[in-house]
Amino acid sequence: MRVLQVYNILGALTERVWLEVPLALAERGWRPAIWYEQWADECPEIQYTVIERERVNVTDGTPAEVRSELEELADRQGVSGPVPELIHCHTGPRMLQVLGMLKAGVPCVVSLYGYDASRLLRDPAWGVRYAWAAAHGCKFVALGEAMTRAVVGVGVPEAAVEIIRLGIDTGQWTFSPKPLARQAVLLAVGRLVEKKGFDTLIAAMALLPGVKLNLVGDGPLRAKLAVLAESVAPGRVDLLGKLDRAATAAQMNLADCLVVSSRTAADGDAEGTPIVLMEALAVGTPVVSTDNGCCRDVVPDSYVTEAIAAEGDAKGLATAIDRVLAWTADHRASMQVAGRKWVESRYDLKDTVAAYDALYRALVTRRPA
């Protein structure tokens, strides 16, 4: 059956699982047709169709006016050409490109990944848009309980939301735990933007003498973070820039602890479930994370009391890192094994694919003639 997969940025390294799931589903008989707005340089060679972005503005309009806008957009788009058996929109705003088909009764899945269940919902119009889509049979996929609460809180019926965790191909991540190095090395990975909270992590480095930090990623805050690092932890913070997947994996194997320091940005943007946490646990690298978005869901239960810090709290983050680095050799080894088993049991890509396969089949079965 033909599934229309709709993206903003296609194949970005940080969002690769968004593409891995549809490609794995293709092996189960779901033939993907791909629409996208922007192309990522690292995207693999696949067939695709470029689409223009449908734009709606932040609005002070009434719910009735927002719904009218959606109806007009759906009527303008209409339905033409081959109609897919199913539509899968990756992030909430992508549903704007398929309103005509959604209104005509084509089953639709909208996968929410982070900003679309946090920052976006500060505009009340998006709650109305999501509720309109749900009323037309759209199924929303959240990454965890926190995201579900956020979407239900703006008017989407709970029955229209299903939790499907993202996952990684654990077979590609070899479990290779190592003992703590004489000089502990921390690793952080992500775009250098406010949401990632790297300024909090660098501030925490002032409370962790003798510890090094390797920071993988690039972005608009690079210069500011470099100045902060030289001020509070001179010579102990390495800004490595953007690395490819293999080089990032090598850094993960070298690290003594991976740190996710995310916080809710001023515009409301928050984390989904960071893939980097899953990857670190899979190779045997202990993790520390702030309690932001759905980060806590990814951290193993055995870690939570020791390895979770409040977002934006440099002292609390340093304390959590210090606790993990102070583990005895035996405890560290047992936690590394526990982390690997946790990812295998909850965040394996094959389980993500199976859950989407079941959802696709349920929606297609209910499709009207």
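The side chains of Tyr113 and His90 are joined by a polar contact of 2.8 Å (a pair of N or O atoms within 3.5 Å, where, within protein, one must be able to donate a hydrogen and the other to accept it, and residues adjacent in sequence count only if both atoms are side-chain atoms). The model behind this is a predicted one, with local features needing pLDDT of at least 70 and side-chain atom pairs counted only at pLDDT 80 or more, while totals for chains, interfaces and linings use all residues. Numbering runs from 1 along each chain as its sequence is written, and side-chain values use heavy atoms, with hydrogens and water left out.

Tyr113 sits in the loop between strand S7 (108–111) and helix H4 (124–135); helices (H or I, at least four residues) and strands (E, at least two) are DSSP runs, numbered from the N terminus. Tyr113 counts as buried because its relative accessibility is 10%, where buried means under 20% relative accessible area, exposed over 50% and partly exposed in between (1.4 Å probe, protein chains only). Leaving aside residues up to four places away in sequence, Tyr113 touches Trp18, His90, Thr91, Leu143, Met147, Leu166 and Gly272, contact meaning heavy atoms within 4.5 Å. Trp18 is 95 residues away along the chain, yet the two C-alpha atoms are separated by 9.4 Å.

Another loop residue, Thr170, lies between strand S9 (161–163) and strand S10 (185–189). Thr170 is buried too, because its relative accessibility is 9%. Its contacts, again not counting residues up to four places away in sequence, are Arg340, Val343, Glu344 and Asp348.

In soluble globular proteins, nonpolar side chains tend to be buried together. As 9 of the 9 residues of H9 are buried, the helix is largely enclosed by the rest of the structure. Glu279 is among those buried residues, along with Leu277 and Met278. Just after H9, Gly284 takes a positive phi of about 100 degrees.
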